[in-house]
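Have a look at the model first, and then read on.

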Amino acid sequence: MNTPFGNCKYRICDLPGQCRDEARKERVDCWIANAMELALMCGQRREDIAKMRFEDIKDGYLLVEQSKGKEGKRAKLRIPLGLRLDALGMTLEDVLKKCRDQVLSKNVIHLVRKTGNVEPGTAPKSGTLSIKFAHFRDKAKLTVPAGRTPASFHEIRSLAARLYTEEYGQDFAQALLGHKSGKMTSLYRDVRGREWTEIKLKAG
């Protein structure tokens, strides 16, 4: 299947790509397709994807304070909008622009129609991301290898780690995902969660 995900040499790329394509067939579910692309583009956890707001975009960066970890020690990242993932064929800015639609919302990922008592523009709960991903995964009728469980939304983060390691190196991928490592000297500073760690792109 010729999709930005499917062009990747890792077979798991076919999964989020086909799930996303299924979701885009239904306009009311375009938000989950946006969430899949955003998760792959910035490598963040589903909880952090669900709570992103447009006001977090400042001075050419997407600011992410990760949810995981103790208060005061959580990773705080400044991800440049110009960050490009060749496997996806887009930049972070491209993906964020696709998240802006006719629905007025402060939330980057938001519902586009009323569902029960939930109004359009509301951010989905992290569990809803998993449920919707599973729905379109099953709808895509993808074959699950023997002895393996069906992939989850969280595996997009694992895929992002692989792709960024391939394109930018291991230190860059670890910094982007918010993992601490003694080897991340130029790309990741141990700031004990009190300052923003800038994800630096190499020139050229």
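A quick word on confidence before the details: pLDDT is the predictor's confidence in each residue, on a scale from 0 to 100. This is a predicted model, and its chain averages a pLDDT of 80, with 76% of the residues scoring at least 70.

**Confidence along the chain**
- Among the elements of the chain, strand S1 (residues 57–58) has the highest mean pLDDT, 98, while helix H1 (residues 14–24) has the lowest, 59.
- Residues 1–14 have pLDDT below 50, and this stretch makes 34 contacts in the model beyond near neighbours in sequence.
- Residues 182–193 also stay under 50, and here the model has 30 contacts beyond four places in sequence.

**Helix H7 and its surroundings**
- Helix H7 spans residues 170–177 and is mostly covered, with six of its eight residues buried.
- Those buried residues are Phe172, Ala173, Gln174, Ala175, Leu176 and Leu177.
- They pack against helix H2 (30–42), strand S3 (76–80) and helix H6 (155–168).

**How H6 meets H7**
- The axes of H6 and H7 lie 7 Å apart, and the two helices pack at an angle of about 145°.
- Their crossing is right-handed.
- From H6, the residues Arg157, Ala161, Tyr164, Thr165 and Tyr168 meet Gln170, Phe172, Ala173, Leu176 and Leu177 of H7.
- Sorted by class, this contact has seven nonpolar residues, two polar and one charged.

Technical notes
Residues are numbered from 1 along each chain as its sequence is written. This is a predicted model: local features need pLDDT of at least 70, side-chain atom pairs count only at pLDDT 80 or more; totals for chains, interfaces and linings use all residues. Side-chain values use heavy atoms; hydrogens and water are left out. Buried means under 20% relative accessible area, exposed over 50%, partly exposed in between (1.4 Å probe, protein chains only). Helices (H or I, at least four residues) and strands (E, at least two) are DSSP runs, numbered from the N terminus. Contact means heavy atoms within 4.5 Å. Axes are lines fitted to C-alpha atoms, for helices over the stretch in contact, and angles run from 0 to 180 degrees between N-to-C directions. A crossing is left-handed if the near helix is turned anticlockwise from the far one by less than a right angle, and right-handed if clockwise. Ala, Val, Leu, Ile, Met, Phe, Trp, Tyr, Cys and Pro count as nonpolar, Asp, Glu, Lys and Arg as charged, and the others, Gly among them, as polar.
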